[in-house]
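Biologist: I would like to learn how to read a model like this one. Please take me through it feature by feature.

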Amino acid sequence: MKTILNIIWLLLAGLWLFLGYLVAGVLLCVTVIGIPFGLAAFRIGGYALWPFGRTVVDRRDAGAPSLVGNVLWFLLAGWWLALGHIATGIAQFVTIIGIPLGIANFKLIPVALFPLGREIVSTDRPFTDRW
């Protein structure tokens, strides 16, 4: 079932979200200061490409730099991304087949708001080996 939902997601929303996050990541990596934000954009893009069967967990080793980075990310890009995911999720809820896709879009909101200090893992393994 995850594979079918991922294929439908890929065709209807995932590819465009992935390409958007990919372009943003490349632009952010142009400067040295933007590299952590660019890597976060790449991570979110991979999650946006194939979201079913994966989840986001907090990293215990993330400290104050990720907090400061998340505040900057939220002010500059996070809330715009979250609004886009909310609008797309609501639009996907219009059809019956779009309900799981809308839920996946809402699942992307927390990581779009605060991506630093989080890790995307398989739902088969919701805890990383580092803990």
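**Reading the pocket and the helices**

Modeller: Start with the largest pocket. Its lining is made up of Gly20, Tyr21, Ala24, Leu28, Phe37, Ala41, Leu72, Trp73, Leu76, Ala77 and Leu81. Keep in mind that this is a predicted model.

Biologist: How is such a space found, and how much space lies in the largest pocket?

Modeller: Rolling a probe the size of a water molecule over the atoms shows where empty space is left. Here, the largest pocket holds about 190 Å³ of space.

Biologist: Which helix gives the most to the lining?

Modeller: That is α3, with 5 residues. Helices α1, α2 and α3 each supply at least two residues of the lining.

Biologist: How do the lining residues divide into nonpolar, polar and charged?

Modeller: There are 10 nonpolar residues and 1 polar residue, with no charged ones.

Biologist: Now the helices. What does the distance between the ends of α1 tell me?

Modeller: Compare the span with that of a straight helix. Helix α1 covers residues 2–28, which is 27 residues. A straight helix would reach 39 Å at 1.5 Å a residue, but the end C-alpha atoms of α1 are only 32 Å apart.

Biologist: Where does α1 bend?

Modeller: At Leu10, by about 65°.

Biologist: What about the span of α3, and where does α3 bend?

Modeller: Helix α3 has 29 residues, and its end C-alpha atoms are only 37 Å apart. A straight helix would reach 42 Å. The bend in α3 is about 65°, at Phe74.

Biologist: Next, burial. Which residues of α1 are buried, and what do they pack against?

Modeller: Look for residues under 20% relative accessible area. In α1 these are Leu5, Asn6, Trp9, Ala13, Gly14, Tyr21 and Gly25. They pack against α2 (35–49), α3 (64–92), α4 (99–107) and α5 (109–113).

Biologist: And which residues of α3 are buried?

Modeller: Ser66, Gly69, Asn70, Trp73, Gly78, Ala82, His85, Gly89 and Gln92. The cover over these buried residues includes α1, α2, α4 and α5. Note that Trp73 is buried and also lines the largest pocket.

Biologist: What is His85 in contact with, leaving aside its neighbours within four places in sequence?

Modeller: Leu17, Tyr21, Asn105, Phe106, Leu108, Ile109 and Ala112. Of these contacts, Tyr21 is itself a buried residue of α1. Tyr21 also lines the largest pocket.

Conventions:
Residues numbered from 1 in each chain as written. Predicted model: local features only at pLDDT ≥ 70, side-chain atom pairs only at ≥ 80, totals over all residues. Heavy atoms only, no water. Helix = DSSP H or I, 4+ residues; strand = E, 2+ residues; numbered from the N terminus. Expected span 1.5 Å × (residues − 1). Bend = angle between axes of the 7 residues up to and from the residue. Buried < 20%, exposed > 50% of the residue type's maximum accessible area, 1.4 Å probe, protein only. Contact = heavy atoms within 4.5 Å. 1 Å grid on protein atoms, 1.4 Å probe; cavity = no way out; pocket = protein on both sides within 12 Å on 5 of 7 lines; lining within 4 Å. Points joined across faces, edges and corners; volume = space filled by probe spheres on them. Nonpolar A, V, L, I, M, F, W, Y, C, P; charged D, E, K, R; others polar.
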